[in-house]
Amino acid sequence: FPSHDRRLTYKELLFVAKKTLSRSDKEVELVYKIDQDIDSRFINLLETYNIDYPIQIITEMYSIIKPILMNVKGLYNRARPLQLANFFGIKMNTIITDTIHTASYPSGHTVYSKLVSLIVKQKYNQIDQNKLDNIVDTTAKARLLQGVHYPSDNAASLILSTFLFNKLKGNIK
């Protein structure tokens with residue numbers, strides 16, 4: 001979890017700012033798609049295997065994980081990149097949406113995406129793990145391109161989601 005190392009945060013802030021200032025139109029489209037419908041990429045992948053999306057299991061497990069996620073966010077209360085960019089006078093082109101009203105650390109979108117990939121992999125072992133990982137990586141990348149998370153937010157999200165999934169996976173049928 002973050003050590004609140006100012007140098008690391010500043011380095012990550014510059015990285016995120018650079019990403020937001022060099023986004024392509026295609027990347028902006030990706031940001032909005034993931035921000036508005038995080039499930040669609042998983043649904044599309046499962047359709048290629050003629051498998052129904054296990055929304056009930058995902059919803060049930062996320063309802064257990066979300067309060068933990070929100071408590072971790074509250075505990076660390078990490079400022080969003082835009083907040084620090086303004087403080088340091090760093091130019092950033094953040095895409096403001098309704099999903100950025102909590103602390104930055106960890107990324108809820110990345111936690112959710114990783115959780116879904118783990119559920120799908122356990123339930124349907126025929127699904128290509130690389131394709132699932134790609135969806136998770138794309139989600140994390142979109143949150144950086146949006147300018148709302150640092151790389152370490154996403155890294156912690158993967159660890160947190162995996163840890164919680166491993167504690168709960170016995171409940172998946």
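## Basis

The model is predicted, with local features requiring pLDDT of at least 70 and side-chain atom pairs pLDDT 80 or more, while totals for chains, interfaces and linings use all residues. Numbering starts from 1 along each chain as its sequence is written, and side-chain values use heavy atoms, without hydrogens and water.

## Nonpolar patch

Tyr-10, Leu-14, Phe-87 and Phe-88 make a nonpolar surface patch of about 430 Å². Patch residues have over 30% relative accessible area and no salt bridge, with nonpolar side chains (Val, Leu, Ile, Met, Phe, Trp, Tyr) joined within 5 Å and like charges within 9 Å. A salt bridge is a side-chain nitrogen of Lys or Arg within 4 Å of a carboxyl oxygen of Asp or Glu. Areas come from the Shrake-Rupley method with a 1.4 Å probe, and for residues only the protein chains shown count as cover.

At least two patch residues come from each of helix H1 (6–21) and helix H5 (81–88). Helices are DSSP runs (H or I, at least four residues), numbered from the N terminus. Phe-88, in helix H5, counts as partly exposed because its relative accessibility is 43%; buried means under 20%, exposed over 50%, and partly exposed in between (1.4 Å probe, protein chains only).

## Largest pocket

The largest pocket holds about 320 Å³ of space. Its lining has 20 residues, of which Tyr-62, Lys-66, Thr-99, Gly-108 and His-109 are the closest to the centre. Helix H2 (25–36), helix H4 (55–76) and helix H6 (108–123) each give two or more lining residues, and H4 gives the most, with 5.

A pocket is an open set of points on a 1 Å grid over the protein atoms alone, where a 1.4 Å probe fits, with protein on both sides within 12 Å along at least five of seven lines; lining residues have an atom within 4 Å of a point. Points are joined across faces, edges and corners, and the volume is the space filled by probe spheres set on them.

The lining divides into 6 nonpolar, 7 polar and 7 charged residues. Here Ala, Val, Leu, Ile, Met, Phe, Trp, Tyr, Cys and Pro count as nonpolar, Asp, Glu, Lys and Arg as charged, and the others, Gly among them, as polar.

## Loop residues

Asn-50, in the loop between helix H3 (40–48) and H4, has a positive phi near 55° and is exposed at 75% relative accessible area. Asn-77 lies in the loop between H4 and H5; its phi is also positive, about 45°.

Tyr-105 and Pro-106 are joined by a cis peptide bond with omega about -10°.
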